[in-house]
Amino acid sequence: MPATGGYFFDMMNSIENVASPEVYYQTSLEAIKYVRANCDKPPLLVPGHLMGSQETAAKVVQTICSQMGVEFKSDFLTWKSLDSFDPDWDVPVFAKNDSPGLYSRANASTHFEDTEERKVDHEKLSKERPDIIKQVKKADIIYAEIMTYSTQF
């Protein structure tokens with residue numbers, strides 16, 4: 001696995017515009033394919049929307065435990081919130097401008113929450129951010145391919 005981690009790190013460092021959704025998903029897809037081709041087991045790939053409800057998050061955690069041979073405990077579904085949160089240390093560089101609330105909210109949480117899945121409204125986005133709509137549409141196609149490799153829960 002260290003070689004795979006290094007491969008992913010090298011790919012991410014070679015990207016000039018990591019904030020590009022198309023580039024990010026394409027790089028992720030290449031890393032997934034690399035792991036599948038070079039490791040004994042496929043990567044665990046959890047679609048994020050499954051973690052957006054307490055019920056499905058519990059199923060995901062139970063499945064992971066089962067696949068790893070670990071006894072599931074309901075304690076795995078809760079955690080202590082972080083008392084301190086420093087965005088300079090706790091937020092990835094590429095997300096500092098786009099997702100500051102996501103990381104502070106996650107660090108303050110104590111359990112999986114029921115949330116609405118966010119969908120990208122292409123029509124609205126094309127009006128508000130015409131500069132990135134083409135990239136988002138291309139990224140959606142790549143994301144669909146990535147999801148064909150997702151772990152079944």
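Colleague: Hi! How do helix 2 and helix 7 run, roughly parallel or roughly antiparallel to each other?
Modeller: They are roughly parallel, a label for angles under 35 degrees, with over 145 being roughly antiparallel, 65 to 115 roughly perpendicular and the rest oblique. This is a predicted model, where local features need pLDDT of at least 70 and side-chain atom pairs 80 or more, while totals for chains, interfaces and linings use all residues. Residues are numbered from 1 along each chain, and side-chain values use heavy atoms, without hydrogens and water.

Colleague: At what angle do the axes of helix 2 and helix 7 cross?
Modeller: Roughly 20°, and the axes of helix 2 (residues 21-38) and helix 7 (residues 133-147) come within 8 Å. The crossing is left-handed.

Colleague: Nice. Which residues of helix 2 meet helix 7?
Modeller: Pro-21, Glu-22, Tyr-25, Gln-26, Ser-28, Leu-29, Ile-32 and Lys-33. Their partners in helix 7 include Val-136, Ala-139, Ile-142 and Tyr-143, with contact meaning heavy atoms within 4.5 Å. The residues of this contact divide into nine nonpolar, three polar and four charged.

Colleague: Switching to rings: how many aromatic pairs are there?
Modeller: Four, counting rings of Phe, Tyr and Trp (its six-membered ring) with centres within 6.5 Å; planes under 30 degrees apart are stacked, over 60 edge-to-face, the rest tilted. The ring centres of Tyr-24 and Tyr-25 lie 5.7 Å apart with planes at 65°, so that pair is edge-to-face.

Colleague: What cluster does Tyr-143 belong to?
Modeller: Tyr-143 forms one aromatic cluster with Tyr-24 and Tyr-25.

Colleague: And how accessible is Tyr-24?
Modeller: Tyr-24 is partly exposed at 30% relative accessible area, as is Tyr-25 at 26%; buried is under 20%, exposed over 50%, partly exposed in between (1.4 Å probe, protein chains only).

Definitions and conventions
Axes fitted to C-alpha atoms, helices over the stretch in contact; angles between N-to-C directions. Helix = DSSP H or I, 4+ residues; strand = E, 2+ residues; numbered from the N terminus. Left-handed = near helix turned anticlockwise from the far one by under 90°. Nonpolar A, V, L, I, M, F, W, Y, C, P; charged D, E, K, R; others polar.
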